[in-house]
Amino acid sequence: MPVSTFLPTFSVCVCTRDNPDGLRQTLQSIFESTMPPHEILVSDDSGNYDTRQMMRESYATIPYLEGPRRSQAANRNRLVRAATGSHVLFLDDRTLLGPTFLQQMAERIADDYIHRAQLGEAAAPLILTGMEMRDGRCCRPCKASFLGYPLPEYRCGERPRSVVLHSAVFPRELFEHGRFNEQLTCGYDTVELVDHAVHELGHRIELVPSAVNRSFAGTAPAEEPVLNDASRFYAMFRGYKSLQHRPFTALAFVLLAWTEILWRCVRAEGLQGAATTWRTIGHFRRLLRECGHEYPGLTDKPGLSGRVA
């Protein structure tokens, strides 16, 4: 494509579940965008037919997909397989698209493409993240501590290594090499995907602070704390061992993370906390077995992963 005519196209992928009123608000915010998207796709994980009926009656021109009804990650994977734009934005039925969000992202992507083409540089794929307004607070991408917990914002000039999911624009080509891990919870499916993009595929991440979407009040599905801890354990372990190729760091993480979970659970639950910790480690080992075939560095064989036993 000639440099002078390059302009990204956006597939806006909306996940919804039992919230037709919220979905209506999300779709309305997309219609009010100063830059119309290439396409809008909706995937529905609802347990009833209210959303399907609303889509047929009011939004018949928007492609409507039956969701897999397994997890939010599975719903996003369902959507991205149907997307045809050069870039993908994931929203849910509790997020409103900022009026100029797509326009700002398109301008930044086009500027980066043109600049690198003029210099004759091979452009590493670019992931852009904006910010999200939640409860009157503007949320930026957060760093992760050694154990995977959120830390304060990046320092000025520090290159981000994370995104705000519902304010992030991904190149669609990324999903030809990776996907959201459907067994991880609490946002660690996004953490794992972004780590894969940065450390294995060479993607860059940039923050566009003026591009802001808004999240409105809603009830998120309840998640099991044991699964959340196991997801964090798995995502960070995989990041250190297989993506960053730091096996000793991964071993140190396993030892410290196991100790931290045991201490926290025993403090909160007494002796019963030891059983909770064992369940967490068991689920972590199950993730190693079931997800390791996708990533050869993570298998339940003798070696670092074998030390978890």
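Biologist: If buried means under 20% relative accessible area, is Phe-233 buried or exposed?

Modeller: This is a predicted model, and in it Phe-233 has a relative accessible area of 1%, so Phe-233 is buried under that cut-off.

Biologist: OK, rings then. How many aromatic pairs does the structure hold?

Modeller: There are 12 aromatic pairs in the structure. In one of them, Phe-146 and Phe-253, the ring centres are 6.1 Å apart and the planes stand at 70°, so the pair counts as edge-to-face.

Biologist: Where do Phe-146 and Phe-253 lie?

Modeller: Phe-146 is in the loop between strand S8 (142–144) and strand S9 (150–153), while Phe-253 belongs to helix H7 (residues 247–269), so this pair ties together parts that are 107 residues apart in sequence.

Biologist: And how accessible are Phe-146 and Phe-253?

Modeller: Phe-146 is partly exposed, at 32% relative accessible area, whereas Phe-253 has 0% relative accessibility and counts as buried.

Biologist: Which kind of pair does Phe-253 form with Phe-233?

Modeller: Phe-233 and Phe-253 also make an edge-to-face pair, with 5.4 Å from centre to centre and 85° between the planes. That pair links distant parts of the chain, since Phe-233 sits in helix H6 (residues 225–243) and Phe-253 in helix H7, 20 residues apart.

Biologist: Which residues do ring pairs link into a cluster?

Modeller: The cluster joined by ring pairs consists of Phe-146, Phe-233, Phe-237, Tyr-240, Phe-253 and Phe-284.

Biologist: Switching topic: what is the volume of the second largest pocket, and which residues are closest to its centre?

Modeller: The volume of the second largest pocket is about 350 Å³. The pocket is lined by 16 residues, and those closest to its centre are Phe-6, His-87, Tyr-113, Pro-171 and Glu-173.

Biologist: What is that lining like by class?

Modeller: The lining of the second largest pocket comprises 8 nonpolar, 3 polar and 5 charged residues.

Biologist: Which helix gives the most to the lining?

Modeller: Helix H4 (residues 101–119) does, with 3 residues. H4 has 19 residues, and from its first C-alpha to its last it reaches 28 Å, close to the 27 Å expected at 1.5 Å a residue.

Terms used. Residues are numbered from 1 along each chain as its sequence is written. This is a predicted model: local features need pLDDT of at least 70, side-chain atom pairs count only at pLDDT 80 or more; totals for chains, interfaces and linings use all residues. Side-chain values use heavy atoms; hydrogens and water are left out. On a 1 Å grid over the protein atoms alone, a cavity is a set of points where a 1.4 Å probe fits but cannot get out, and a pocket is an open set with protein on both sides within 12 Å along at least five of seven lines; lining residues have an atom within 4 Å of a point. Grid points are joined across faces, edges and corners, and a volume is the space filled by probe spheres set on the points. Helices (H or I, at least four residues) and strands (E, at least two) are DSSP runs, numbered from the N terminus. Ala, Val, Leu, Ile, Met, Phe, Trp, Tyr, Cys and Pro count as nonpolar, Asp, Glu, Lys and Arg as charged, and the others, Gly among them, as polar. The expected span of a helix is 1.5 Å times one less than its number of residues. Rings of Phe, Tyr and Trp (its six-membered ring) pair if their centres lie within 6.5 Å; planes under 30 degrees apart count as stacked, over 60 as edge-to-face and the rest as tilted. Buried means under 20% relative accessible area, exposed over 50%, partly exposed in between (1.4 Å probe, protein chains only).
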